[in-house]
Amino acid sequence: MFSKSCQYAIRGMIYLAKNRHGSQRIGVREIASELNVPQQFLAKVLQQLARHDLVGSVKGPTGGFWLEDRHLVNPVLKIIECIDGPLVLNSCILGLPHCSSENPCALHSNFYGCREGLKSTLELKKIVDFLAG
């Protein structure tokens, strides 16, 4: 449902949350290795999150990424919208450009409730919620 970039972003943030120790930075090499994802790809994703102030980052040989308390309370929906865009959960399930309540596709009424429920869940679920499991 979500792009690889978005999946890596969420997994990366969960890794940072579970491995945070004060303001200690974690390098992208370590994160990519632990998550078994391409390092360069993950670096770009984490940089995008940093530009939107969803993670902390410092460039350079001693740089890395980290999460502060304020980052832990961001809803998962915010991460998804940062990476995949705000329309990812608002677009037509069939990919039609003009699907709406006034001009619905064949699946609009079936999918609308599911989509709204998913958006609500992702708005309520915070990064900190992943620390218990």
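Modeller: One term to start with: contact means heavy atoms within 4.5 Å. This is a predicted model, where local features need pLDDT of at least 70, side-chain atom pairs count only at pLDDT 80 or more, and totals for chains, interfaces and linings use all residues. Residues are numbered from 1 along each chain as its sequence is written, and side-chain values use heavy atoms, with hydrogens and water left out.

Biologist: What pattern does the chain follow along the sequence?

Modeller: Helices (H or I, at least four residues) and strands (E, at least two) are DSSP runs, numbered from the N terminus. The protein chain has six helices and two strands. Reading along the sequence, you get α-α-α-β-β-α-α-α.

Biologist: What percentage of the residues is buried?

Modeller: Buried means under 20% relative accessible area, exposed over 50%, and partly exposed in between (1.4 Å probe, protein chains only). The protein chain has 133 residues, and the buried share of them is 38%.

Biologist: And how much of the accessible surface belongs to carbon and sulfur atoms?

Modeller: Areas come from the Shrake-Rupley method with a 1.4 Å probe, and for residues only the protein chains shown count as cover. The C-alpha trace spans about 55 × 30 × 25 Å along its principal axes. The accessible surface of the chain comes to about 7,900 Å², and the part belonging to carbon and sulfur atoms is 53%.

Biologist: How far apart are the mean positions of the positive and negative charges?

Modeller: Lys and Arg count as positive and Asp and Glu as negative, while His and the chain ends are not counted. Each charge is placed at NZ of Lys, CZ of Arg, CG of Asp or CD of Glu. For the 15 positive and 11 negative charges, the mean positions lie apart by 6 Å.

Biologist: Let's zoom in on α3. How far apart are its end C-alpha atoms?

Modeller: The expected span of a helix is 1.5 Å times one less than its number of residues. Helix α3 (residues 39-51) has 13 residues, so the rule gives 18 Å. The model agrees, with the end C-alpha atoms separated by 18 Å.

Biologist: What is the phi of aspartate 53?

Modeller: Most residues other than glycine have a negative phi, and most peptide bonds are trans. Aspartate 53 lies in the loop between α3 and β1, and is partly exposed at a relative accessible area of 41%. Although aspartate 53 is not a glycine, its phi is positive, at about 60°.

Biologist: And asparagine 36, what is its phi near?

Modeller: Asparagine 36 is in the loop between α2 and α3, and counts as exposed at 70% relative accessibility. Its phi is also positive, near 55°.

Biologist: Which residues does leucine 16 contact, leaving aside neighbours within four places in sequence?

Modeller: Leucine 16 is in helix α1 and is buried at 1% relative accessibility. Its C-alpha is 8.0 Å from that of isoleucine 31, 15 residues away in sequence. With those neighbours left out, the contacts of leucine 16 are Ile26, Ile31, Val55, Phe65, Trp66 and Leu67.

Biologist: Is histidine 71 buried or exposed?

Modeller: Histidine 71 is in helix α4 (residues 69-72). Not counting residues up to four places away, histidine 71 touches Asp53, Leu54, Val55, Gly56, Trp66 and Ile127. At 0% relative accessibility, histidine 71 counts as buried.
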